[in-house]
Amino acid sequence: MKKVIYIIILWALMSIAFCINQESIKILGTKVLLKTSAYDPRDILRGDYANLRFDIETLYDNENKIDKNDKYVYVILETDKDNIAHIKSYSNTKPKNELFIKGKIYIKHFKDKKYTLRYGIEHYFVDTKTAKHLEKILSSKNGLARVAIDKSGRAKIIEIIEP
Amino acid sequence: MEKFLSKWLNEGLINKNQYLDLLNDYKIQKEKTIKTAINVTIYIIGALLLGLGIILFISANNWILEFLNSHNILKVLSMFFISSIFLYGGYILAYEKNKFQKLGNCLIFLSTLSIGGLIALLGQIYNLRSDYFGLYFLWFLCIYPLAFIFKNMAINILSCVIFIFSTIFFFGANDFQEGYIWGVYVPFILGALFYSVGNIPYIKNSFNDFSNIYKKIALFAIFILLIIQTFSSGYTVQSYPISLILPVFLLSLINLSNYYFEKDKTPLLKLETGFIFVLIGYILTALYMNVFLIKLIANILIIFIISAQYYWGHKFENEKYISLATKFLSIYLIVNYIRFGSQYLEGASFFLIGGLILTIIGIILEKNKKQRRKGEIK
């Protein structure tokens with residue numbers, strides 16, 4: 001009997017540890033807004049979620065900072081008066097004392113030095129009603145995503161703000 | 001069985017009374033087995049329906065669910081509560097009451113699935129992709145201890161499958177796109193890790209069935225790795241990042257400690273440990289070898305694995321080793337026949353000769369099997 005109780009405690013501790021790890025980004029991270037649009041927001045197998053695209057997902061390597069073997073890019077952000085974040089610069093090494101988001105290089109276009117990045121915030125799970133609504137709104141106009149970014153560049157979506 | 005009993009009676013190995021007693025016992029046992037199989041089937045269907053019912057209950061649109069769905073914490077708590085009830089109820093039925101062992105074990109297995117549901121829910125709440133390795137690893141950590149506590153093979157196999165997915169997604173997430181990683185490193189790490197865990201003295205002695213399963217998975221992964229190596233065209237990766245060296249170093253340590261702490265250092269253990277270190281050496285030096293050498297060593301290691309399995313299978317009269325070796329041999333022959341046969345033979349003759357060779361191999365293997373069975377009966 002004791003072993004079963006220990007297992008249930010283990011399950012609870014692991015779930016709590018996982019939640020703390022994820023919540024810490026939301027609570028301690030710097031909150032910014034990112035311009036976003038949505039496409040194909042529903043999936044029969046995986047339930048309802050919005051596939052999000054961000055303005056900052058496309059990066060042009062005009063300064064030749066990205067090596068062909070690089071897998072990640074650290075995108076340094078600056079915010080305007082509305083707290084909307086834009087790309088200030090980028091680096092293939094972790095920046096210090098600056099707000100940055102860690103992007104994984106998803107598609108490389110070597111010809112025009114264009115990179116498509118993924119930040120791990122491209123999926124936003126919502127209920128059926130909201131998914132349909134988001135699809136309608138975000139497919140025609142850009143919305144805003146309130147995102148929390150922690151010191152190591154990990155990001156979490158807090159909410160989607162309609163245009 | 002009835003056929004063998006009649007044969008033994010005719011050969012004078014048993015008398016008429018013994019024949020009737022054995023036949024009677026066998027019939028009773030057979031009836032019990034059928035009844036148990038029916039019960040287990042009913043339990044499994046029942047458990048699955050129960051699980052489906054809970055999922056539908058959670059996703060249905062009524063006031064209780066409106067309430068439960070209104071806060072993420074309520075959804076998580078309800079899933080956690082359901083998983084705990086399955087585990088606790090299963091334990092009571094199978095081990096405390098002792099009357100409903102099959103049903104209890106089905107419920108315990110169901111709890112491992114529903115805790116997976118809880119983890120999927122957490123992934124959804126935090127907007128994580130379904131191929132995020134952390135979710136699978138968390139699931140693995142939650143259910144793996146249950147396999148040992150209840151000596152449950154089904155949970156053990158589920159844990160292995162989840163662990164394999166977790167490893168694959170880990171390497172996928174870290175974007176190691178090179179052919180070397182997917183064709184060599186990942187199958188090697190999985191194979192060597194399963195073999196090493198299977199050889200941990202405690203697991204080998206107290207959970208021998210688990211150990212055998214780990215070794216089977218390991219052999220399969222290593223065999224696939226070596227088959228891929230026979231097609232190698234060299235590697236573009238020039239050096240190893242420390243993140244790839246570290247797991248190999250840890251595996252070496254596990255194998256050394258396995259060997260050191262095992263009291264009964266059998267020739268099989270020596271052979272297995274030696275083989276793992278040869279494989280580690282091969283994996284670490286493959287980057288710097290020329291293509292011919294890579295292919296040659298891979299072929300030698302494949303032939304070694306197949307021969308060793310046949311040898312140990314015959315030595316310990318273990319049908320499982322022989323059966324696995326036969327499967328490996330068949331795959332190896334088919335792969336090489338397609339590879340080389342398609343180059344040198346025309347369409348019709350390629351299929352005719354291939355079919356003929358496979359039929360002859362099939363006949364030889366069938367004959368061998370019959371002879372072994374005869375030997376076992378004697």
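A:Asn83 is partly exposed, with a relative accessible area of 28% (partly exposed lies between buried, under 20%, and exposed, over 50%, with a 1.4 Å probe and protein chains only). The model is predicted: local features need pLDDT of at least 70, side-chain atom pairs count only at pLDDT 80 or more, and totals for chains, interfaces and linings use all residues. Residues are numbered from 1 along each chain as its sequence is written, chains are lettered from A and ligands numbered from 1 in the order in which they are written, and side-chain values use heavy atoms, without hydrogens and water.

A:Asn83 sits in the loop between β5 (72–79) and β6 (85–91) of chain A. Strands are DSSP runs of E of at least two residues, helices are runs of H or I of at least four, and both are numbered from the N terminus. Most residues other than glycine have a negative phi. A:Asn83 is not a glycine, yet its phi is positive, about 70 degrees. A:Asn97 also has a positive phi, near 55 degrees. This residue lies in the loop between β6 and β7 (100–109) of chain A. A:Asn97 counts as exposed because its relative accessibility is 81%.

Chain B has 15 helices and zero strands. Of its 378 residues, 39% count as buried. Its accessible surface is about 21300 Å², and 68% of that belongs to carbon and sulfur atoms (Shrake-Rupley method, 1.4 Å probe; for residues, only the protein chains shown count as cover). Contacts require heavy atoms within 4.5 Å. Among contacts in chain B between residues at least 6 apart in sequence, 63% join residues at least 24 apart.

Helix α4 of chain B covers residues 72–96. Its 25 residues should span 36 Å at 1.5 Å a residue, and its end C-alpha atoms are 35 Å apart, which agrees (the expected span is 1.5 Å times one less than the number of residues). Just after α4(B), B:Asn98 takes a positive phi of about 65 degrees.

B:Thr326 is found in helix α14 (residues 319–344) of chain B. B:Thr326 counts as buried because its relative accessibility is 17%. Leaving aside residues up to four places away in sequence, B:Thr326 touches B:Tyr310 and B:Leu365.

Helices of the two chains also meet. A:Trp11, A:Ser15, A:Phe18 and A:Cys19 in α1(A) meet B:Ser111, B:Ile115, B:Leu118 and B:Leu122 in α5(B).
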